[in-house]
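The following questions and answers examine how the parts of one protein chain pack together. Please consult the sequence and the structure as each answer is read.

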Amino acid sequence: MTNKEIVEVVYNAVDDKKGININVLDVSKISSIADYFVIAGGNNPNQVQAMADNVQEKMHKLEINPKHIEGFRGASWILMDYGDIVVHIFNEDDREFYDLERIWKDADIVEM
């Protein structure tokens, strides 16, 4: 499975839980951190956790395990590191504050 296909699985997992304003950034040309960032927002901690749970479940079915997960307890910003794909799930206030899309504005936006 290609990274692009995996990103599609992640995108759909977040979308299934009604993620807000889901963006996929191709950061491969400007960073060695990852190839893709998937960034999404949620209305409350329960929704943020549900999105993260769904991503983790779908990735586990593909036998892809995260290298690291942060923020699950507070559920205001959950970061899921799958190596070439990093998933950022925010509550909307924190998403506005950190504004990753602005920080990574040189990345290519991937249409899903």
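Predicted model: local features only at pLDDT ≥ 70, side-chain atom pairs only at ≥ 80, totals over all residues.

Q: Which residues touch the most other members of the largest nonpolar core?
A: This core has 24 residues. Helix 1 (3-16), strand 1 (20-26), strand 2 (36-42), helix 2, strand 4 (77-81) and strand 5 (85-91) each give two or more residues to this core. The residues that touch the most other members are V38, V55, M80, I85, V87 and I89.

Q: How many residues of strand 5 are buried?
A: On one side of strand 5 lie I85, V87, I89 and N91, and on the other V86, H88 and F90, and both faces are covered. Strand 5 is therefore largely enclosed by the rest of the structure, and its buried residues number seven of the seven.

Q: Which residue in strand 5 is the bridge partner of L79?
A: Strand 4 and strand 5 run antiparallel and are joined by five bridges. Within this pairing, the partner of L79 in strand 5 is H88.

Q: Which residue in strand 5 is the bridge partner of G42?
A: Strand 2 and strand 5 run parallel, with seven bridges between them. The partner of G42 in strand 5 is N91.

Q: Is Q47 buried or exposed?
A: Q47 belongs to helix 2 (residues 45-61). A polar atom of the Q47 side chain lies 2.6 Å from the backbone nitrogen of N43. Because its relative accessibility is 12%, Q47 counts as buried.

Technical notes: Residues numbered from 1 in each chain as written. Heavy atoms only, no water. Helix = DSSP H or I, 4+ residues; strand = E, 2+ residues; numbered from the N terminus. Buried < 20%, exposed > 50% of the residue type's maximum accessible area, 1.4 Å probe, protein only. Polar contact = N/O pair within 3.5 Å; in protein donor to acceptor, adjacent residues only side chain to side chain. Core = buried A, V, L, I, M, F, W, Y, C linked by side-chain atoms within 4.5 Å. Pairing = 2+ DSSP bridges.
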